[in-house]
Amino acid sequence: MERLGLDADAETVYRALLRSPRRTERQLATETRLEPQSVRRSVVRLTELRLVRTSWQDPERLLPISPEIGLQALVAEQEDDVLSRQRELARSRAAAQALMAEYSALYSDSRSVEMERLTGVDEVRSRIEELAASAQVEIAAFCMGAQREEALEASRPVDERAIRRGVALRGMYLDSVNNHPATRKYAQWVTEAGGEIRTLPTLPLRMVIFDRMYAVLPVDPAETAAGAVVLSGRGALAALTALFEQTWALGCPFGGARTTAKENVSDSERALLRLLAEGVTDEVAARTMGVSLRTARRMMSDLMARLDARSRFQAGVRARARNWL
């Protein structure tokens, strides 16, 4: 009965009147063993709920109103309250949705314009093809190391159409691509078709920039199949373009002879020394340079022999002393 607005004392008084009508408050207190004050409060509440009324013949005596009448009226009132609250809730929900829509228009849309998430290789490749098809000025890319032949074949018509439209195509690869026939052949084709290819021992990340307006980067550099993001914010594009230009300036034209350092230290050996000086493992150094672990270890062994070093720490000290780093 509490759900209908009756506490335990009021319910006790009402049940007592149902069993024995025409009782006074004093008699009800005796029969229910409740305090007179509790009986008085209960009678007032029951009267408000139209479950009890006073006798017309004797105003001190109380009569219960049939539950069929009193409780139905009470339930109807509560139903009206529920409907009223539901209407208020509907208005609140509509207002909240309007605010969310307004917030979305002000913030979410602008964020989604600056960053687009791509899932899966197919979606990434399709988006890159769309951006390449709409490029008008330049496509600049960090292509990293060796590429799968199917990926190279898929890229060929896209790059060819861009070059024919007069779009400048600039790509940077790792030096190690010279050891991969398919990638070397593709880089040679790009160069002959009118594009530019340069190489470096290491590159910061895989990336493609279209007209300096859109940049596609992998979500996880170690797992390109995880997807990519397309950035279009001015700040992000300015930083990524600057990174590309600085790296491009250090690169060696594909097929050209790289100037070696003093004492015939190649740029690849210098890059390996720098990576190991940063504390990376042989595996990470090999993966970053796009060479096999065996090749990286062979290069390091040769460097230590030329430096007459017994440890990598000693090799690092002597390399710095000779201005190799």
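1. Helices, which have at least four residues, and strands, which have at least two, are DSSP runs and are numbered from the N terminus. On that basis the chain of this predicted model holds twelve helices and ten strands.

2. The chain has 325 residues, and 37% of them count as buried. Its accessible surface comes to about 19,800 Å², and carbon and sulfur atoms contribute 51% of that area. Among the contacts in the chain with a separation of 6 or more, 67% are accounted for by residues 24 or more positions apart.

3. How do two helices that meet in this chain lie to each other? Two packed helices are described by the angle between their axes and by the distance between the axes. For helix H1 (residues 8–19) and helix H3 (residues 36–48), the axes come within 9 Å and cross at roughly 80°. Because angles of 65 to 115 degrees count as roughly perpendicular, H1 is described as roughly perpendicular to H3. On the side of H1 the contact is made by Asp9, Ala10, Val13 and Tyr14, while H3 contributes Ser38, Ser42, Val43 and Leu46. Sorted by kind, the residues of this contact of H1 with H3 divide into five nonpolar, two polar and one charged.

4. Which residues of helix H10 (residues 282–289) are buried? They are Asp282, Ala285, Ala286 and Met289. These residues lie on the same side of H10, because they cover an arc of only 95° around the axis. Glycine 290 follows H10, and its phi is positive, near 75°.

5. Arginine 22 is found in the loop between H1 and helix H2 (25–32). Buried means under 20% relative accessible area and exposed means over 50%, so arginine 22, at 32% relative accessibility, counts as partly exposed.

6. Arginine 212 is a further residue to check in the structure, for it has a positive phi of about 55° although it is not a glycine. Its place is in the loop between strand E7 (207–210) and strand E8 (214–218). Is arginine 212 buried, partly exposed or exposed? With a relative accessible area of 44%, arginine 212 is partly exposed.

Key:
Residues are numbered from 1 along each chain as its sequence is written. This is a predicted model: local features need pLDDT of at least 70, side-chain atom pairs count only at pLDDT 80 or more; totals for chains, interfaces and linings use all residues. Side-chain values use heavy atoms; hydrogens and water are left out. Buried means under 20% relative accessible area, exposed over 50%, partly exposed in between (1.4 Å probe, protein chains only). Contact means heavy atoms within 4.5 Å. Accessible areas come from the Shrake-Rupley method with a 1.4 Å probe; for residues, only the protein chains shown count as cover. Axes are lines fitted to C-alpha atoms, for helices over the stretch in contact, and angles run from 0 to 180 degrees between N-to-C directions. Angles under 35 degrees count as roughly parallel, over 145 as roughly antiparallel, 65 to 115 as roughly perpendicular and the rest as oblique. Ala, Val, Leu, Ile, Met, Phe, Trp, Tyr, Cys and Pro count as nonpolar, Asp, Glu, Lys and Arg as charged, and the others, Gly among them, as polar. The arc is that of the directions from the helix axis to the C-beta atoms.
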